Amino acid sequence: MAMNLFLTAALTAAIAGQNFYCADIKRQEDYAIVVQQQEEAARLKAEQEKQAQEAKKAEEEKKSAIKNALKPYQVEQNSKLVGYNEAKSWWFKRNSAHQPPTAQMDIAIQNYDAYYLGDVSSKVIYLTFDEGYENGCSSKILDILKANDVKAAFFVTKSYIDSEPELVKRMAEEGHIVGNHSTTHPDMTTLSDAQIKQEIEGCANAYKNLTGKDMPKFFRPPAGGYSIRTLEKTKELGYKTIFWSFAYKDWVTTEQPGAEAAYQNVMTNYHNGSIMLLHAVSESNTQALDRIIKSLKEQGYTFKSLEELP
């Protein structure tokens with residue numbers, strides 16, 4: 001009997017010892033798994049941080065390359081010969097080599113968040129339309145843009161917003177920028193500072209009243225009129241001024257050149273980083289637009305939003 005008790009006790013102790021040993025092994029294994037997980041998490045974090053740093057460096061290098069590519073087309077300082085409110089009219093100089101055109105060199109427009117070119121280091125185009133009044137073309141233009149998966153910018157006046165609310169809402173709903181083209185389409189250089197503010201904010205308020213959303217902060221000066229002062233005041237209102245590196249006489253509805261001429265005008269003058277201005281009242285532009293977009297895509301170009309300006 002005593003022997004049985006002894007054996008039972010010994011067996012129990014052996015089992016307990018074995019169980020303790022097994023539990024200890026399990027704890028060690030669990031600890032090893034935790035350590036391995038922590039090391040893997042640390043490795044992944046380090047890898048993610050490295051990738052983020054490399055991405056940031058690549059983005060900075062890209063921005064630097066774009067900035068350097070733009071240097072030949074910009075001046076760093078305003079000419080001392082230009083008065084603060086000296087009226088200017090936007091112009092650019094065409095070339096036949098599909099290179100970005102040069103433009104006025106009197107005012108350092110980039111200092112006022114003004115653009116006439118985008119990313120000239122890449123095959124990109126920023127398509128824009130001016131809308132002072134409706135001529136029956138805008139819905140067709142929107143159909144073509146949608147069919148080709150292209151986003152554009154439409155610069156509208158307050159009177160256009162008031163007279164064509166459904167078209168304006170459609171532009172916004174389909175992902176296009178609806179930009180500010182003033183309230184009454186005046187020569188901005190003839191206005192006081194307060195009047196400049198009224199012209200820009202009047203259009204923006206009409207857009208917000210219609211859509212419930214703030215108008216995107218892009219402004220196109222009517223007829224391309226500007227001065228150092230108007231650029232400065234526009235920037236103070238939080239807007240980017242958008243000029244253009246391509247345009248032609250397409251706004252006279254009684255003197256339309258025809259679809260082929262519109263197409264050739266674009267295909268003769270396209271270039272990297274083009275901010276392309278077309279007037280939406282032009283039947284010729286409307287008839288040629290689908291072919292223009294497809295041909296530019298065949299040349300390797302992509303269409304970008306003004307939101308992606310460098």
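1. Basis. The model is predicted: local features need pLDDT of at least 70 and side-chain atom pairs count only at pLDDT 80 or more, while totals for chains, interfaces and linings use all residues. Residues are numbered from 1 along each chain as its sequence is written, and side-chain values use heavy atoms, without hydrogens and water.

2. Second largest pocket. A pocket is an open set of points on a 1 Å grid, with protein on both sides within 12 Å along at least five of seven lines; lining residues have an atom within 4 Å of a point. The second largest pocket holds about 420 Å³. Its lining has 20 residues, and closest to the centre are Asp-130, Ala-223, Trp-251, Leu-277 and His-279. Both β5 (124-131) and β11 (274-279) supply at least two lining residues.

3. Strand β11. Six of the six residues of β11 are buried (under 20% relative accessible area, 1.4 Å probe, protein chains only). Ser-274, Met-276 and Leu-278 lie on one face, Ile-275, Leu-277 and His-279 on the other. β5 runs parallel to β11, joined by six bridges, and Thr-128 stands opposite Leu-277.

4. Cavities. A cavity is a set of grid points where a 1.4 Å probe fits but cannot get out. There are two of 30 Å³ or more. The largest has about 60 Å³, and its lining includes Phe-92, Arg-94 and His-271.

5. Second largest cavity. This one has a volume of about 30 Å³. α6 (228-236) and β9 (225-226) each supply at least two lining residues, and α6 gives the most, with three.

Technical notes
Grid points are joined across faces, edges and corners, and a volume is the space filled by probe spheres set on the points. Helices (H or I, at least four residues) and strands (E, at least two) are DSSP runs, numbered from the N terminus. Buried means under 20% relative accessible area, exposed over 50%, partly exposed in between (1.4 Å probe, protein chains only). Two strands pair if DSSP finds at least two bridges between them.
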